[in-house]
Structures are given as structure tokens and as C-alpha cells.
Amino acid sequence: MVDRNDTPEEDGGFANRFAEAYRLTPSPGPETRERLLRSVRQAKMPRRDGWFVWWVEPAWTLSPLAVSVVAAIAMGLGFGMAWRGTPAPARAPAASSAGAEAERVMEFVLVAPGVTNVALVGDFNGWDPRATPMRRVRSSDTWTVTLSLARGRHVYAFVVDGERWLTDPGAPLAPEDGFGQRSSVIVVGGTGT
Amino acid sequence: MSDAELIASVLAGHSDAFDALVDRYYEACARFSVRMLGNRQDAEDAMQEAFLRAYRSLARYQERDAFRPWLFRILVNQCRTLARRRTRRELRFVSNPDALLHAKDEKEDAFDVRDALQNALSALEPILKEALLLKYGEGLDYREMAAATGASVPALKMRVKRACDAMRPRLEAMLNG
């Protein structure tokens, strides 16, 4: 269990003695495992394929495309560790005429120089970076995607070049999610949308 | 089946496949959370919440990441959260002298783990204890530890060294006593 090659600076004797003592830690009883599995079974099943249904199901219809609300983000990205804050113009929110429809059409815009691909991820697409790729606008640094979101609170983030997660600097942050990653919050149909 | 295959199976709709993942990591998570938190009730809460969060978030799991450090990251965060809550609870409690006078022994109610190893560990700073348990308790390598804790590899090496320096005499005393 103790990887000596990984820890040449440490005393292997101490490590082994500690590991032996640690292994004697008493386990919770089987009832704890059963309780855990029961709570898991009651939870909503995780899915990664929701967006395929979204696109190929012809019966799915949007509410009238009356609204285009822009969550605009001005952000400059640099290579490496540095961020370059080069603000870009944000599109102003358009007037809403969607009324009480259950869904609203939203456009997300990210300005990110020097990147090769951007995806929108959130609770609406199972946090799948392949689900909602953003489209580059005419060889510019601007990336955009339009999608329909149910009214209510959504949590989202951007994935840049397949690995870097960004929050929206213009939106409130969601509580830390337990994975060390932060996300942004948008309330569809609420203030500002 | 590998972890990745089990996860793919869960995501394909076979929720029972998650049972195998629980069985595979249950003991390790239980040991870690008990030793981190020092009492069984909090440890069970942390573990239960960690597995539940992992299940709900499987769609966010990326195959290029190993499942074990990913799961431990969730568990580490749960333990940190519970430890913070407990600290706040105890601080509030202590700030109320009347409540303190009439309180039962909270530790007795909380199923504290009272053994020599826990006594030795309890004197460690939480981040040192966390690093020591992951490294020499669960055998994670430093890269996995970095993924699990969010700390850098050099910082983790320093924490492990400090934890070892502090623990060595205590462990010797414990084993010889």
C-alpha cells in the first residue's frame, strides 16, 4: 500500500507501522452500508445522454422563439496560468415577450481570445462538455450558443479547450459543489432574464 | 469490471452497478472519515453524503480522471464541511455558559473513536492529518492526493513530512506503551 518510490524522503518503517495501525480502524456495521445504498437508490439516476434526446426527438418543441436574452461575458483568456482581463462589449438583454412560457430561449456569449473550443455545461445538460459546444462567431474571439432553458434556477459554467472550467464573472456564484469547482447561477424568467 | 466500466454501466441506466463501486471503496472511505473526524456519527454522515454526491454527479465524472481520487475529493470536502460545522457548533455551545452547565457529555453521544491512534492524530492540524491519512493510510500517490485535496504536490509533501515528524514519537510511544 505504501509506495516507496513515491516517497523516498520518508521513513518506510514509520509509514508501514502507521499503515498497520490505521488498517485496524473499526468499520461501520453493515446497516450503515445498507442505509447508504438505500439513499442512493432513492436519488435521481445520473444521466449523460440527455442532450441526445433533446436534439433528435422531433416532438420536442420550444416555446415561441420570442426571446433572445443574452448572458454576456467579457473575459480575456491567456495561455498558461495568467488571465488577461480584456473586457469585450456585452450584448444588451433584449426585451422579453415570452410571458409565462415554461421555457425561455437563452443565448450565452463568451469572449475568450486564444482558445480553440468552448462548451457550455450545466445542470441542464448533465455537465457534459460534449453536450453544448459553443460556436465561434466569424473567426472572432466570441463564442456563442443558444438553447432553451426551463424557467427557474440553473447552475452553469464554461469549459475552455476541454479542461479549463470558467465561471461567469457577471453572474452570482453557486455554492462550492464538493469537487472544488465553482459554478455560476442564472435564474431564467427571473430578474434580468 | 474496472471503475470506468462500472460508471459507464450506471450512466447507461444500471444503477445497481453503483453498489459495486460502493463495495469497492466503502471500507477506505469509512476509515478515512472516521480518522479525520474522530467520531462515528459524523464519519457516517460524511461518507453517506459523499457517495450520494458521487452518484448524482457521475455524469460529470471524466474518464481521464481516476475514480478513487475523484471520490476522495468529494469525501475530503465533506469531512472539511462537517468539521467546520462541528467547530461552529462547539463555539456557539461554549459561548453559552448556561447551556454548557446543563449539557450532557456531547462526546459521549457522538460515538467518539477513543483509541491510541486517534489520540495521536487528534493533536495534528487537520490539513496535516488529511495528508498523512491519504498518503500512508490509503496509499494515494501525490498526484492523486493533489486531485483529492486541491493542494499542490510540493505543499502536500511538506504536509506529509510535518505530519510524520509530529506523529513519529507519538506512534512509537503508542506501539511501545
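Colleague: How many helices and strands does chain A have?

Modeller: Helices (H or I, at least four residues) and strands (E, at least two) are DSSP runs, numbered from the N terminus. In chain A there are three helices and eight strands, and their order along the sequence is α-α-α-β-β-β-β-β-β-β-β. This is a predicted model, in which local features need pLDDT of at least 70 and side-chain atom pairs count only at pLDDT 80 or more, while totals for chains, interfaces and linings use all residues. Residues are numbered from 1 along each chain as its sequence is written, and chains are lettered from A and ligands numbered from 1 in the order in which they are written.

Colleague: What is the secondary structure of chain B?

Modeller: Chain B comes to ten helices and zero strands. Read along the sequence, its pattern is α-α-α-α-α-α-α-α-α-α.

Colleague: Which confidence values accompany the model, and which element of chain B has the lowest mean pLDDT?

Modeller: pLDDT is the predictor's confidence in each residue, from 0 to 100. The model as a whole scores ipTM 0.79 and pTM 0.56. For chain B the mean pLDDT is 81, with 81% of its residues at 70 or more. Among the elements of chain B, the lowest mean, 42, belongs to helix H6(B) (residues 106–109), and the highest, 94, to H8(B). Residues 89–111 of chain B have pLDDT below 50, and beyond near neighbours in sequence this stretch has eleven contacts in the model.

Colleague: What share of each chain counts as buried?

Modeller: A residue is buried if 20 or more other C-beta atoms lie within 10 Å of its own, exposed if 12 or fewer, and partly exposed in between, with C-beta atoms placed from the backbone. By that count, 26% of the 193 residues of chain A are buried, and for the 177 residues of chain B the share is 38%. In chain A, Val109(A) lies in strand S2 (residues 103–111). Val109(A) is buried because 20 other C-beta atoms are within 10 Å. Its C-alpha atom is separated by 9.8 Å from that of Val137(A), 28 residues apart along the chain. In chain B, Gln78(B) is found in helix H4 (residues 67–94). Gln78(B) has 26 C-beta neighbours inside 10 Å and therefore counts as buried. The C-alpha atoms of Gln78(B) and Ala46(B), 32 residues apart along the chain, are 5.4 Å from each other.

Colleague: At what angle do H2(B) and H3(B) cross?

Modeller: Axes are lines fitted to C-alpha atoms, for helices over the stretch in contact, and angles run from 0 to 180 degrees between N-to-C directions. The axes of H2(B) (residues 17–37) and H3(B) (residues 40–56) cross at roughly 145° and come within 9 Å. Among the residues that meet are Phe18(B), Val22(B) and Cys29(B) in H2(B) and Ala46(B), Met47(B) and Phe51(B) in H3(B). This contact has twelve nonpolar, one polar and two charged residues.

Colleague: How do H2(B) and H8(B) lie to each other, and which residues make their contact?

Modeller: Angles under 35 degrees count as roughly parallel, over 145 as roughly antiparallel, 65 to 115 as roughly perpendicular and the rest as oblique. The axes of H2(B) and H8(B) (residues 126–137) come within 10 Å and cross at roughly 150°. The two helices are therefore roughly antiparallel. Arg31(B), Phe32(B), Arg35(B) and Met36(B) of H2(B) contact Lys129(B), Glu130(B), Leu133(B) and Gly137(B) of H8(B). Three of these residues are nonpolar, one is polar and four are charged.

Colleague: Why is H8(B) described as largely enclosed?

Modeller: Ten of the twelve residues of H8(B) are buried, so the rest of the structure largely encloses this helix. Among them are Leu128(B), Ala131(B), Leu132(B), Leu134(B) and Tyr136(B). Just after H8(B), Gly139(B) takes a positive phi of about 70°.

Note on methods. Two residues are in contact if their C-beta atoms, placed from the backbone, lie within 7 Å. Ala, Val, Leu, Ile, Met, Phe, Trp, Tyr, Cys and Pro count as nonpolar, Asp, Glu, Lys and Arg as charged, and the others, Gly among them, as polar.
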